[in-house]
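User: Please take a close look at one part of this structure and then set it in its wider surroundings. Give the cut-off for each term as it comes up.

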Amino acid sequence: MFKTRVTEILGIEYPIIQGGMMWVSCPKLAAAVSNAGGLGILVSAAYASGKELREDIRKTKSLTDKPFGVNLSLFPAMRPLPNEEYIEVLIEEGVPVVETSGFKAPDEYLPRLREGNVKVIHKCAAVKHAQTAERVGVDMVAVVGVENGGATGMVDVTTFVLVPATVNALSLPVIAGGGVADARGFVAALALGAEGVVIGTRFMATHEAPLHPKFKKWLLRSKETDTTLVMRSIRNTHRVLKNKAAEKALEMEQRGATLEELATVIGGGEAAKAFKDGELEAGIAGCGQVVGLIDEIVSTKEVIDGIVAGAGEILQRLEGTLTPR
Ligand SMILES: Cc1cc2nc3c(=O)[nH]c(=O)nc-3n(C[C@H](O)[C@H](O)[C@H](O)COP(=O)(O)O)c2cc1C
């Protein structure tokens with residue numbers, strides 16, 4: 001069930017990918033997603049060096065014998081990222097998939113990734129960027145609508161429109177993200193022409209996500225109206241939960257603050273306080289609008305099993321509804 005080009009190319013059971021998530025991706029979560037039949041992803045930018053990334057790749061391998069991936073960031077970063085070093089490490093460790101994301105297509109890294117037998121999913125938020133990624137030769141493209149958690153790009157197109165528009169424009173398999181948390185979103189994404197989904201926010205509210213219990217409770221009480229967009233003034237728009245830090249960032253942006261000034265509010269140290277220490281007002285915290293559909297902390301396996309079982313039921317129901325009389 002649910003065999004698509006995405007499951008075939010990635011060698012996974014279900015076309016469900018856990019998007020790389022700063023502060024959230026970790027060996028336990030990535031392995032749990034892969035063990036449940038999806039594809040878990042670590043985030044290279046979370047590691048100071050290739051050596052540290054290697055340790056967590058090895059930890060993940062000790063927890064699963066299924067494929068998992070590593071995200072490579074092509075976003076402008078507060079510190080220069082040693083992407084070439086990360087790539088050598090992941091190739092040496094036999095990681096079969098990379099998720100790239102950011103403003104540019106990953107063309108500079110593709111020859112080495114190809115040599116290393118690594119499949120590349122490029123994630124972006126606009127049809128034209130998806131087309132560029134196809135042209136430079138990635139294996140598949142993930143597009144995320146403006147409702148998604150984390151980076152949203154600059155064009156603000158919703159998943160419901162972005163996905164079919166991308167499917168129309170590409171021959172490569174398309175993965176849909178932004179707003180998928182359950183079987184309904186999964187089936188809808190496939191109906192729009194996607195051959196897989198990328199999920200972030202729903203996986204934060206799982207037992208395996210390494211987040212402070214207060215943070216997880218915050219997710220449960222948040223509604224679909226409780227997120228906002230920050231960092232547009234520096235062309236790096238992110239969807240985050242509304243809190244004092246997000247308010248402060250927006251105020252600073254309105255009066256034209258520089259990146260250096262903004263860094264005091266949007267920086268990693270502050271975000272860590274929110275995600276890891278449960279100081280919920282301290283820093284900005286990426287989160288999608290779909291948080292409004294999440295009301296339970298469950299295991300990663302329950303999320304994936306629930307999507308698969310629920311999708312079967314929805315399809316049966318639709319078959320009944322749609323059969324011409
Ligand atoms: C807390 C958080 C951190 C994220 N960090 C990254 C990241 O470092 N790199 C990346 O490509 N995407 C990142 N994302 C985006 C996710 O990988 C995924 O594309 C997105 O969450 C999908 O939309 P959804 O949240 O509606 O499921 C992040 C998302 C969240 C919620």
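**Val 143 and its surroundings**

Apart from neighbours within four places in sequence, Val 143 is in contact with Cys 124, Ala 125, Ala 130, Leu 162, Val 163, Thr 166, Val 174, Ala 176 and Gly 177. Two residues are in contact here if their C-beta atoms, placed from the backbone, lie within 7 Å. The model is predicted; local features need pLDDT of at least 70, side-chain atom pairs count only at pLDDT 80 or more, and totals for chains, interfaces and linings use all residues. Residue numbers run from 1 along each chain as its sequence is written.

Val 143 belongs to the largest nonpolar core, which has 100 residues. Val 143, Val 141, Val 174, Ile 175, Ala 176, Val 197 and Ile 284 are the residues with the most contacts inside this core. At least three residues of the core come from each of domain 1 (5–207 + 299–322) and domain 2 (213–289). A nonpolar core is a set of buried Ala, Val, Leu, Ile, Met, Phe, Trp, Tyr and Cys residues joined through C-beta atoms within 7 Å. A residue is buried if 20 or more other C-beta atoms lie within 10 Å of its own, exposed if 12 or fewer, and partly exposed in between, with C-beta atoms placed from the backbone. In soluble globular proteins, nonpolar side chains tend to be buried together. Over the whole protein, 49% of the 325 residues count as buried.

The domain bounds come from an automatic or database domain assignment. The centres of domain 1 and domain 2, taken over C-alpha atoms, are 23 Å apart. Across the boundary, 18 residues of domain 1 are in contact with 18 residues of domain 2. On the domain 1 side, β7 (150–151) and α9 (201–204) each supply at least two of the touching residues. Helices (H or I, at least four residues) and strands (E, at least two) are DSSP runs, numbered from the N terminus. That side of domain 1 divides into 8 nonpolar, 9 polar and 1 charged. In this count Ala, Val, Leu, Ile, Met, Phe, Trp, Tyr, Cys and Pro are nonpolar, Asp, Glu, Lys and Arg are charged, and the others, Gly among them, are polar.

Both domains give residues to the shell around the ligand, so the ligand lies between them. The shell has 28 residues, of which Gly 19, Gly 149, Gly 150, Gly 200 and Gly 288 come nearest; a residue counts as near if its C-beta atom, placed from the backbone, lies within 6 Å. At least two shell residues come from each of β3 (68–74) and β9 (196–199). By class, the shell holds 11 nonpolar, 15 polar and 2 charged residues.

Ile 284, listed above for its contacts in the core, is 8.2 Å from Gly 267 between C-alpha atoms, with 17 residues separating them along the chain. Gly 267 sits in the loop between α12 (259–266) and α13 (268–277). Gly 267 is partly exposed, because it has 13 other C-beta atoms within 10 Å.

For the protein as a whole, the secondary structure comes to 14 helices and 11 strands. Among contacts with a separation of 6 or more, 64% join residues 24 or more positions apart. The C-alpha trace spans about 60 × 45 × 40 Å along its principal axes.
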